[in-house]
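Colleague: I have the coordinates open and would like to check some labels against their definitions. Could you take me through them?

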Amino acid sequence: MSSEVLVLGTAVLLFAIGGAGALVHRHPVAMLMCVEIMLNAANLVIVLGARVRGLADAESAALIVLVLAAAEAVIGLALALALFRRRTTADIDTAAELHG
Amino acid sequence: MGLLDWAWLFTLPGLILTALGVPRDQRQAGYASLAGPIVMLLVAIVAFIGGGQAAVDVPNWLPFLPDGDFRLLADPLSALMLAILGFVASLVYIYSLGYMATDPGRRRFFVYLDLFVATMALLVLAGNLAVLLIGWTGVGISSFLLISFWRDRPGTLGAGLQALAANAVGDGALLLAASLVPSGCGSLVTLNTAQCTAGVGGAELLALLLLVAAAAKSAQGPLYFWLPNAMAGPTPISALIHAATMVAAGVYVLARTHALIGEAPTTSLLICVIGVVTALAASAASLFQANFKKGIAYSTVAQLGYMFAGVGVGAPFAGLFHLFTHAAFKALLFLAAGVVIHGAGGLEGLADLRGLGRFFRFSRAGFLIGSLALIGTPLITAGSFSKDAIIDAGITSARPWVGWLLLLGVVLTGLYIGRLFTIVYMAPAGDPHAVHHDAASERLMDWSLVPLMVGAIAFGWLGSWLMGRLTGPLGDIEPLPSPFAITGWIAFILGAVGFGAAYWYALRQPGAAPARAGATSYAAAAWVAWIARGGYALSAGLARIQSGLLPVYAFGSLIALAVVLLAREFIR
């Protein structure tokens, strides 16, 4: 098994773990961490592609994803905190007022 | 003229300053916005006197439209419209400083007002259908924001949404018109050329779409229903947007494209029918209103019907002239009514306001002058000059029945305005203690009525001067009837008889409460209710699939992503 396939497999696995975790968890911070895992999985594929093709701009794209992930974490944490303040529990299933 | 092309930017500095909280004191909010409309008025007057025209053209701005240029056109016609807008808006701004003195949302109010004036100016300056559409939608949105300004009060949001829905019909028609014209067409003044009427449906379809758009904006025919309910907004808004300027935009567009209308005989007949029927039906409906402002609102619908009929019989100048004088006297009626409503603590029912107008001298004088102008008192009020021009043009046109019916309609005009005036300003006051005077804000409101009184009296004499200036954009204009023409005096006598009858009847009526108030205003809009009911049923069904749970939505997004990716793979 070549190293590319190994890295690709890891990325797919990480993405699946992150996706499943984001769906299963009920705590906003845990969901946020799972989303970070998904982002990192995608980043891994980008870096792999950059290495195989030898493209510098792909590596810079990976850096942009890192920055975006940081920004997203800030907003996500703020949302989680606001949710906690309003409801004193941090279970996102309690925030279902938009149901039909 | 060149400066006038940018008139739509005049109120933007005021908008930004007011929105940013300048001046800081809440009681002075709105002072920063005052300059915009006054500058607009001055620039428009100078440009109108100067004459000539100036255009702006930014090519290929919206490439997906047949004519996607950003085109502005400042000519005497748009200068006149901007002068009307600036005149009424300046007074309404000053009036609002008093009317909204203690309102906590005062800053937001002036921001919305600035937005309205900017979009209205863009509408008037539009050189082609694309820019017209932007202004058209913009005034609709700012009208919605201002109708629903007191969003906590029951009914205001519904009234605003109704206006938005009716306007959406017009926006859709205008968008269709802008998309259907052959490539390169879209300039408003050349829509009637052979090249432009060669598209699908020809001149008739194009004129019909413009008529639908104009009827939605001016509350004509089956699309009238939103205007009376729009009275849920603050009274200065009713005066500026829903009496003087925005609702007149339909008449303006039809007059601007009158050459195209002239090539579409079926549509121009339809304009006549809609105008006459609306004028008569709305006048009758006004007689049954229990709400003071709604009574005046139906009068606006009726007068807009007169203007439509004027354009329909091929007399666009008569329609525009009536638009001009109507802006002055109808804004006067609304602002005078607002003084009483403000003094009565926001009450609008005729039963509550009975006799209270006696305690407001300026308002009483203003409402009387406005009423006299509305029924067309010859020589001393502006309304007679313009309304007689429409009636006269109707009688001498190829469709004389239009003129005769409009002439008969003046009786109804006299009846409804006489009824409102008598109940509020002449009847013995029910409870004098219901009024509270607030000297500082009342002074601002009273004095802003004075220029409108002057306008309602004197604007009629400007007729032949306006006619000379507008010959360029409107082409050959039919001559105005003499102020001593017999039809004008007949119209006045009919109106005065109506006014007197209403005076006699309303004074003898013990209570002011007219019987079937809600019935008439809603019965005719039954088809709207049907559409609304269907929409509610549909949305209630669709709402059931919404669980509100975040993981469910996330799962849905993942599935959708997978489907899209797989589909892409297979399609390739």
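Modeller: Start with B:Pro23, which sits in the loop of chain B between α1 (12–20) and α2 (35–50). Helices are DSSP runs of H or I with at least four residues, strands are runs of E with at least two, and both are numbered from the N terminus. This is a predicted model, in which local features need pLDDT of at least 70 and side-chain atom pairs count only at pLDDT 80 or more, while totals for chains, interfaces and linings use all residues. Residues are numbered from 1 along each chain as its sequence is written, and chains are lettered from A and ligands numbered from 1 in the order in which they are written.

Colleague: What is the geometry of the peptide bond from B:Val22 to B:Pro23?

Modeller: That bond is cis, with omega near -10 degrees. Most peptide bonds are trans, and most residues other than glycine have a negative phi.

Colleague: What makes B:Asn60 buried or exposed?

Modeller: A residue is buried if 20 or more other C-beta atoms lie within 10 Å of its own, exposed if 12 or fewer, and partly exposed in between, with C-beta atoms placed from the backbone. B:Asn60 has 10 such neighbours inside 10 Å, so B:Asn60 counts as exposed. B:Ala219 has 27 other C-beta atoms within 10 Å and is therefore buried.

Colleague: How do you know whether B:Ala248 is buried or exposed, and which residues is B:Ala248 in contact with?

Modeller: B:Ala248 has 29 C-beta neighbours inside 10 Å and so counts as buried. B:Ala248 lies in the loop between α9 (235–244) and α10 (249–256) of chain B. Contact requires C-beta atoms, placed from the backbone, within 7 Å. Setting aside neighbours within four places in sequence, B:Ala248 is in contact with B:Ser218, B:Leu323 and B:Ala327. B:Lys217 is 31 residues away from B:Ala248 in sequence, but their C-alpha atoms are 7.7 Å apart.

Colleague: Which residues touch the most other members of the largest nonpolar core?

Modeller: Such a core is a set of buried Ala, Val, Leu, Ile, Met, Phe, Trp, Tyr and Cys residues joined through C-beta atoms within 7 Å. The largest one has 199 residues, and B:Leu85 is among those that touch the most other members. Helix α14 (residues 316–343) of chain B contributes the most, 19 residues. Beyond four places in sequence, B:Leu85 touches residues including B:Met40, B:Val117 and B:Thr245.

Colleague: How many residues of chain B are in contact with chain A?

Modeller: Twelve residues of chain B are in contact with ten of chain A. Helix α24 (residues 550–571) of chain B supplies the largest share of the chain B side, five residues.

Key: Two residues are in contact if their C-beta atoms, placed from the backbone, lie within 7 Å.
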